[in-house]
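Work through the following exercises with the sequence and the model in view. Each task sentence is followed by a solution in steps.

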Amino acid sequence: MNTELFYLALSQMVLSIVLAIVIFFISYKVLIKIFKLKEENLNDSNLALSIFFSGIIFSTGYLLSGIIPSIISAIEMLKIHAKENLFVEILKYSSLSLFVGFLLAGLIHFTSFMLAKSLTKHVDEVGELKKNNLAVAILLTTILISITIISRDSLVFLIELFLPQPTVLEYSS
């Protein structure tokens, strides 16, 4: 077994797990603040809020999961071409990519929610979610996840612009 590849795979797995935990923790805390809830409110058997929050967290994870392979590729490139401290370079590019990705995921969520509000002008979505209206939760979550699936590749492509890319030399004959 190639030990260098083993340690690379192990470090990628640890990086992915740590990033996922941090991102989900931040997502959860942001949602609690946006909906002006106390964490006890989620323990009151409100299935509608749980469905909607789960959809947002799934959407965030799905969007950012596309970024992780790009970050790992950038790390591979930085290992070869890093001019400064490798750890600082990795931290810089990873943080920038995830921060921009997280902001864009939030923008996608906001846009999805505004689309749902425009489709259901007669419904107070937040109020209905707090009242445990499952129909509203399922509709909002479905719109959110559908837009997430459609926009993921574009988000990943945009994030890759922030990461170091290999230089391709053009030879003329």
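**Exercise 1. Overall architecture**

The chain has six helices and zero strands, where helices (H or I, at least four residues) and strands (E, at least two) are DSSP runs numbered from the N terminus. The model is predicted: local features need pLDDT of at least 70, side-chain atom pairs count only at pLDDT 80 or more, and totals for chains, interfaces and linings use all residues. Residues are numbered from 1 along each chain as its sequence is written, and side-chain values use heavy atoms, with hydrogens and water left out.

Task: State the order of the elements, the buried share of the chain and the share of contacts between residues 24 or more positions apart.

Solution. 
- Step 1. Read from the N terminus, the order is α-α-α-α-α-α.
- Step 2. Of the 173 residues, 36% count as buried; buried means under 20% relative accessible area, exposed over 50%, and partly exposed in between (1.4 Å probe, protein chains only).
- Step 3. Among contacts in the chain with a separation of 6 or more, 78% join residues 24 or more positions apart. Contact means heavy atoms within 4.5 Å.

**Exercise 2. Residues in the helices**

Task: For Ser59, Val156 and Ile68, give the helix, the burial class and the contacts beyond four places in sequence.

Solution. 
- Step 1. Ser59 is found in α2 and counts as buried, because its relative accessibility is 0%. Ser59 is in contact with His109, Leu144 and Thr148. Its C-alpha atom is separated by 9.2 Å from that of Thr141, 82 residues apart along the chain.
- Step 2. Val156 belongs to α6 and is buried, with a relative accessible area of 12%. Val156 touches Leu63, Gly66, Ile67 and Ser70. From Gly101, 55 residues apart in sequence, Val156 is 8.1 Å apart in space, C-alpha to C-alpha.
- Step 3. Ile68 is placed in α3 (residues 67-81) and is buried at 14% relative accessible area. Ile68 touches Ser16, Leu19 and Leu98.

**Exercise 3. A loop residue**

Task: Locate Asn132 and give its phi value and accessibility class.

Solution. 
- Step 1. Asn132 lies in the loop between α5 (125-130) and α6.
- Step 2. Its phi is near 70°, a positive value in a residue other than glycine.
- Step 3. Asn132 counts as partly exposed, because its relative accessibility is 31%.

**Exercise 4. The largest pocket**

Task: Describe the volume and lining of the largest pocket.

Solution. 
- Step 1. On a 1 Å grid over the protein atoms alone, a pocket is an open set of points where a 1.4 Å probe fits, with protein on both sides within 12 Å along at least five of seven lines; lining residues have an atom within 4 Å of a point.
- Step 2. The volume is about 460 Å³, a volume being the space filled by probe spheres set on the points.
- Step 3. The lining has 23 residues, of which Leu31, Ile34, Gly106, His109 and Phe110 lie nearest the centre.
- Step 4. α4 gives the most to this lining, with eleven residues.
- Step 5. By class, the lining has 18 nonpolar, five polar and no charged residues.

Note on methods:
Ala, Val, Leu, Ile, Met, Phe, Trp, Tyr, Cys and Pro count as nonpolar, Asp, Glu, Lys and Arg as charged, and the others, Gly among them, as polar.
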